[in-house]
Structures are given as structure tokens and as C-alpha cells.
Amino acid sequence: MNVASQQSLLPEVQSFLDQSPLPSFVGGKPLPNANGNLVATIDPGSGDQLAEIHDLDASEIDQAVQVASDAFPAWAALSQDERGSILLKLADAVEQHKPIIAQIEALDAGKIEAQAAGDVQNFVDTLRYFVGLASKVEKRTKLDVPGHEAWTVKQPWGACAFIFPWNFPFLLIGWGISPALAAGNTVVIKPAEDTSLSALYLAQLAKEVGVPDGVINVVTGRGATAGAALTNNKQIKRMSFTGSPEVGQLVGEACGRNLVPVKLELGGKGAAVVFDDVDVAATAKALVGAITFHTGQVCCDATRWLIHENIYDEFVAECQRLMEEVKIGHPLDPSSQMGPVVNPKQRERVLGYQEKGIAGGAKCVCGGGAATVDGMDGNYVKPTLLAGTLDNIAARDEIFGPVAYLATFSNEEEAIAMANDTDYGLANSVWTPDEAKANRVAEAMVAGNSWINAHNVFAHGVPYGGVNKSGMGGGVLSIETLMDYYRSQSVVRPL
């Protein structure tokens with residue numbers, strides 16, 4: 001592949017890719033598909049094929065769920081210390097293999113390699129966090145009921161299914177499966193067809209460190225085939241989907257028919273409210289860094305920048321200067337600051353929204369259009385600032401690229417109204433050194449998350465989720481999520 005001639009691949013990464021076509025991994029062993037259908041996974045930075053994965057059919061997905069269901073009783077029967085010890089070995093192994101996994105992730109998802117390494121460490125930290133949290137959970141709670149001896153007991157559910165998107169493949173696996181495994185459930189992971197490689201590597205690593213067969217299973221394929229089959233499987237006890245609201249609705253409908261509890265982590269159109277008392281240079285740097293991080297393919301990103309009219313011109317000029325300095329390049333190039341979007345379809349989506357926004361009256365302040373990188377046929381776009389009224393399609397729809405939309409406000413009440421003028425409700429931020437004002441605005445914004453003088457803040461112990469079109473069943477990274485993976489059962493003895 002072209003990138004191999006320009007960037008040095010780790011031998012372990014090359015060896016892993018040479019296993020192509022890469023089968024799914026179920027019950028501790030490879031599971032190739034019987035139909036022979038394959039999906040090519042492409043390096044979005046160069047346009048070259050990395051490997052092929054198997055596109056499983058419904059019968060093979062059902063087989064994986066059965067394997068996870070069969071493995072559940074023994075896994076759940078382990079003591080919390082025994083289960084935690086196994087999971088900590090997996091966390092240690094992932095940390096030891098971080099350079100390998102990070103390079104696989106960078107190649108597959110188009111992430112800057114240093115950012116991919118951060119995602120791998122986040123997986124490690126998340127798994128360790130939930131192992132520690134689960135060790136403190138009281139499984140039995142006595143109830144004070146006159147005339148009865150009564151208590152509740154917390155039990156794991158069984159086989160849990162996870163469908164993950166292509167923007168944060170490895171990090172989101174950690175967010176999803178860590179609480180489920182720590183609570184004693186088994187898991188079936190379906191990664192996005194564009195970015196399945198790190199999940200398959202994880203499954204192999206889990207086998208090597210002694211995770212019991214069937215506890216962690218990875219199935220690959222297209223959403224319309226493998227994803228739909230997993231969603232509709234009636235043996236699944238809990239479902240988690242991260243992705244677009246449109247697909248999330250389909251997942252929710254299927255889970256509703258099967259009466260399966262579901263967590264939906266969906267899209268966003270976050271606002272950053274910037275008051276006129278900020279440090280303009282520092283705030284501009286932070287928001288430009290947010291919108292260019294992983295090429296803007298971040299559901300909770302700040303994509304609507306609401307700027308106080310008193311500082312608008314100064315703020316825009318500083319953002320324009322910073323955006324024009326962003327070094328766009330291949331993810332394995334250490335000088336790159338922003339890589340490509342994940343595939344040609346996503347590039348066309350980003351460029352199409354820019355065109356529709358401008359046609360609808362928005363002004364292109366800077367950027368716009370495709371970007372080129374010498375020697376690479378990748379999916380590169382320029383970081384872009386659009387400006388106009390909030391009824392513009394580029395201000396309403398989730399673009400999922402390095403595009404921010406600018407508008408002005410004159411007072412606090414107007415800013416809050418503008419921030420809440422959206423169908424989404426995932427994450428917003430407010431920027432001001434005035435603590436009282438920051439607190440008021442943060443609490444008044446309708447979203448699962450409000451951040452103050454920062455954006456994209458994920459601390460273990462703080463719930464993260466969305467409302468409205470951004471989903472339901474949130475609580476990721478907190479005790480709330482861990483408790484979702486226990487069912488509560490009451491026991492009563494009349495006295």
C-alpha cells in the first residue's frame with residue numbers, strides 16, 4: 001500500500017494486516033463467513049486498501065449471540081475479584097500493545113496517530129475504572145418492610161450487544177463493554193464496517209491474556225446485514241447503539257418489539273456560547289482545536305459558535321488565522337495536525353453541506369472545499385467557517401466534519417435561546433470568566449452535558465449522554481452506566 005512506502009509500519013501491524021481477509025472472532029476462535037462476502041477496509045489517508053473483513057449473515061450473527069449466551073453463566077458466577085483480575089490483565093495487555101493498536105486505529109479511521117494513542121489509553125483507563133467501581137457495588141440491599149424480610153439483589157443481564165460507529169472505534173468499545181463486562185455480562189461487538197480492525201485485534205488479545213472464550217465476541221459486516229441481524233436477535237438482553245439518529249430510530253424500534261432495554265448515543269449540533277469578556281486568543285485556539293480534532297467527526301463537538309457581537313470581528317479574524325495554519329496530512333505523518341474524513345461518502349457529505357449552506361445564504365468566512373495532500377488520494381477537506389442565520393441548513397443539520405457555523409448574540413437571554421434552538425441535545429459549552437454567568441447559562445442550556453470554558457471534556461465519574469434527538473439512556477463513564485448492566489430482583493419472605 002502507498003502509505004507503507006512513505007511511513008514506517010510496525011512489524012506487528014504489518015503482520016496483522018497480512019492475515020487478510022480477517023475473520024470475525026467468536027468463542028475464542030476465528031469465525032469466517034460461509035457466504036464468501038467480503039468488505040474492503042480502506043486507509044482514508046491514502047485511499048489504499050488495508051485489508052478485507054468478512055460480512056456475516058444473520059445465521060452467523062445468531063451463532064455469535066448463542067456463544068455469548070452460553071458463556072454467560074460461568075462468567076457471571078466468578079467472584080468480582082476473579083472477574084476483575086482477568087479484566088485488569090486485558091487492560092494491561094492493551095496498554096502494552098498501545099503503539100500497535102494506535103497505528104492500526106490511525107490507519108483504519110484516519111486518526112492522527114498521537115490522538116489514536118490517546119484513545120487506546122482511554123480504553124485502558126475506562127476498563128480499570130469500571131473494574132474498580134464494580135468491586136464497590138453492594139449486590140444486596142436490605143429493605144425496611146414491616147412484616148416482611150425483604151431485600152433486592154443485583155444480577156447481570158446476560159449477553160449484551162454493542163454496535164459502534166467509525167469515528168472513535170477503540171475508545172467507544174472501552175466506554176461500552178467495560179461496565180457490561182465488569183458487571184458480569186458477556187458481549188457481542190459489531191464495529192463499523194469501515195473501522196473493524198482494532199476490534200478484531202482486541203478480540204485476539206483477549207484470547208491471549210485468558211479472557212474466557214465467548215465472553216468477548218467481535219462480529220463484522222455491513223450495518224444492513226450484520227448490524228440489523230444483531231439488533232433483531234431475540235436472545236440479546238441489552239442493546240447499545242452509537243451512531244446517527246436515523247439508524248438509532250431503527251435500532252430503538254427493533255428493541256421495542258423485542259422488549260430489549262436499549263441505550264442510544266446519537267448525534268449532536270453543539271453550541272459554544274462565547275461572551276465578550278473572554279480571552280479571545282485562548283478561546284479561539286480552544287474552539288479551532290475542537291472543530292479540527294479528528295477532522296470534526298465528533299458527535300458532541302461545538303459546531304455552532306455563538307459569539308457576542310462586541311468581539312465578533314476580532315474573534316473571527318483569530319479563528320481564520322488559526323484555521324489557515326492547520327497542517328493537513330496523513331495520520332502517520334508526525335507533522336499532521338488534521339487527517340482525512342473516514343471515506344469518500346463522508347467527504348461528499350461535508351462538501352455538500354458547505355455548498356447547501358452557502359446556497360442558503362451563509363457566508364464562507366474561511367476554508368471550504370476539498371484539500372489535497374501530496375502523494376495521497378485520501379478523503380481530505382479544509383477546516384471551514386460559515387456564518388449567517390441559524391435557520392440555515394448548515395446550522396441545523398449535523399455535518400460531522402471540520403465545519404463550524406458562526407452567529408452573533410447581544411445578551412445572555414438571546415444566547416440561551418439560540419443555543420437551545422436545535423433538535424439535538426448532546427453537549428454545549430459556555431465561555432466566560434464570570435463564574436455566576438457561566439453557571440446560569442450552563443444550567444439553562446438543554447443538553448445532556450454543559451461544559452464551562454472547555455469543550456469535549458470526559459472525566460470518569462461524570463455522566464455523559466444526550467436528550468432529544470441526541471439519544472437516551474446516557475450515563476457513560478459513571479456509576480449510572482455500571483448500574484444499567486445489573487438487573488434488580490427483589491426477594492421477600494413474609495414473617
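**View 1. K327 in its loop.** K327 lies in the loop between α12 (312–324) and α13 (344–359); helices are DSSP runs (H or I, at least four residues), numbered from the N terminus. This is a predicted model, in which local features need pLDDT of at least 70, side-chain atom pairs count only at pLDDT 80 or more, and totals for chains, interfaces and linings use all residues. Residues are numbered from 1 along each chain as its sequence is written, and side-chain values use heavy atoms, with hydrogens and water left out. K327 is partly exposed because its relative accessibility is 34% (buried means under 20% relative accessible area, exposed over 50%, partly exposed in between; 1.4 Å probe, protein chains only). Leaving aside residues up to four places away in sequence, K327 touches D333, S335, S336, Q337 and M338 (contact means heavy atoms within 4.5 Å).

**View 2. The salt bridge of R128 and D92.** The N to O distance is 2.8 Å (a salt bridge is a side-chain nitrogen of Lys or Arg within 4 Å of a carboxyl oxygen of Asp or Glu). R128 sits in helix α6 (residues 113–134) and D92 in helix α4 (residues 80–96), 36 residues apart. R128 is partly exposed at 28%, and D92 is partly exposed at 35%.

**View 3. The salt bridge of E193 and K190.** The closest N and O atoms are 3.4 Å apart. K190 is buried at 2% relative accessibility, whereas E193 is partly exposed at 25%.

**View 4. The salt bridge of E318 and R321.** Here the closest N and O atoms are 2.6 Å apart. E318 and R321 are three residues apart in helix α12, so about one helical turn separates them. E318 is buried at 18%, while R321 is partly exposed at 38%.

Key. Helices (H or I, at least four residues) and strands (E, at least two) are DSSP runs, numbered from the N terminus.
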